[in-house]
Amino acid sequence: MSDTVLITGGAGFIGRYVAGALLKRGHRVRVLDSLIEQVHGERTTPDALDPAVDFVPGDIRDEAALKRALSGVDKVVHLAAEVGVGQSMYAVDRYVSVNDYGTAMLFQQLIDRPVKRVVVASSMSIYGEGLYRTVDGDLIQDAVRTPRPSAPWDPLDAQGRPLIPVPTPEWKQPALASVYAITKYVQERLTLTLAPTYGMEGVALRLWNVYGPGQALSNPYTGVLAIFAARLLNGNAPVIFEDGEQRRDFVHVEDIAQAFVLALEHPKAPGEVFNIASGADRTVSQVAELLAAAMGRPDIRPEIAGKVRIGDVRHNIPDITKAREVLGFAPKMDFSQGLAELAEWVAQQQAVDRVAQARSELEMRGLVA
Ligand code: UD1
């Protein structure tokens, strides 16, 4: 059955792909987006948004814009959010306001005018450190680390031995290590608490590190692959925090779009949280090297900063069994093909490299240590 779907923040990187996928499925799509300058530059109209999308300019916290955007809508995908972990540690008011007050505003409207389903973009960052095991095989849910250049970067067990990262399932308890993570957890809980209270279905997708063509290259607080791509495009070395051995899962934005379609349509999705990732984890150093090769710049060696960005977790790798089994989620993009496509797109772009400026902003505040 076709629905009218509102995507908040839908002019952004992920939203544009979700919009495209929903249109292909025969849904009608409306987007509410304030086109913030850090992501969209000076543009006053969205770039690369499918022309079939009904675009409503406006901030999620603006009641009049929100009312306009929600009129006649059957389902909502809630993506409007500030997304930088590092930046969230100093732009606290902005992150809490956009992410949490924004979600509160959305639900305040939905109480009076419920929709069928709300799917919210949560984040793997709500887990903090992922699940670990000790060398003896005991599972550790509450790993913490006190990262300093003179000590091992990995979390340690009681005997001082590094813990070994294992795939993190949805049942791992949250450990909120950054303002960003706190706000994402609040978004997720507001959705899963309020939706059923008012006769709606709520779903939360906990996304890992999303990459692909269209990411905001000139935003120094965007994801690591886009940051590295912008550096390489300008002939500069990517700067790797810690020692580069931290592990993440990089998932292609088209696979993310597939996950949102499933979360919006699948009868078994309501009330659930799902990890969404590619299922293959890598270190930050590995991706820096592979991207440099894909962009034809293997000569540019990354700089290892040997410092940590405060708020970062060491390892977080996903267990996506639940999304596979319940939703039938099947990530398709092979990482080397995804990088090749990213490199091809990046080569046609211009990127203002603001990474050094962003790093000194964090350093000035003691947020890189
Ligand atoms: C990212 C997303 C977040 C999402 C989360 C889900 C962005 C801005 N953040 O956070 O919205 O919820 O994934 O997994 O897209 N790093 C470097 N050098 C850099 C930048 C980063 O070494 O110049 C390292 C970081 O220290 C970290 C890793 O790369 O260890 C990933 O960083 P980043 O891309 O910012 O992602 P997350 O913090 O995981």
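Predicted model: local features only at pLDDT ≥ 70, side-chain atom pairs only at ≥ 80, totals over all residues.
Colleague: What makes V355, A358 and L362 of α12 count as buried?

Modeller: Buried means under 20% relative accessible area, and V355, A358 and L362 are the residues of helix α12 (355-364) in that class.

Colleague: Why are the buried residues said to line one face of α12?

Modeller: Seen down the helix axis, the buried residues of α12 fall within an arc of 65°, so they line one face. On the other side of α12, A356, Q357 and M364 are exposed; the cut-off for exposed is over 50%.

Colleague: What covers the buried residues of α12?

Modeller: The cover includes α4 (85-88) and α7 (224-233). After α12 comes G366, with a positive phi near 70°.

Colleague: Why are β10 and β14 placed at the edges of the sheet?

Modeller: The open sheet has the order β10-β12-β14, with mixed pairing. β10 (209-211) and β14 (281-283) each have a single partner strand, so one side of each is left without a neighbour in the sheet. Neighbouring strands here are turned by 50° against each other on average, direction ignored.

Colleague: How do you know that β12 and β14 pair?

Modeller: Pairing takes at least two bridges between two strands. Strand β12 (247-252) and β14 have three, in the antiparallel sense. R247 stands opposite T283 in β14.

Colleague: Which helices lie across these strands?

Modeller: Helix α8 (253-265) lies across β10 and β12, at about 75° to β12. Helix α11 (335-347) lies across β10, β12 and β14, at about 50° to β10.

Technical notes: Residues numbered from 1 in each chain as written. Heavy atoms only, no water. Buried < 20%, exposed > 50% of the residue type's maximum accessible area, 1.4 Å probe, protein only. Helix = DSSP H or I, 4+ residues; strand = E, 2+ residues; numbered from the N terminus. Arc of directions from axis to C-beta. Contact = heavy atoms within 4.5 Å. Axes fitted to C-alpha atoms, helices over the stretch in contact; angles between N-to-C directions.
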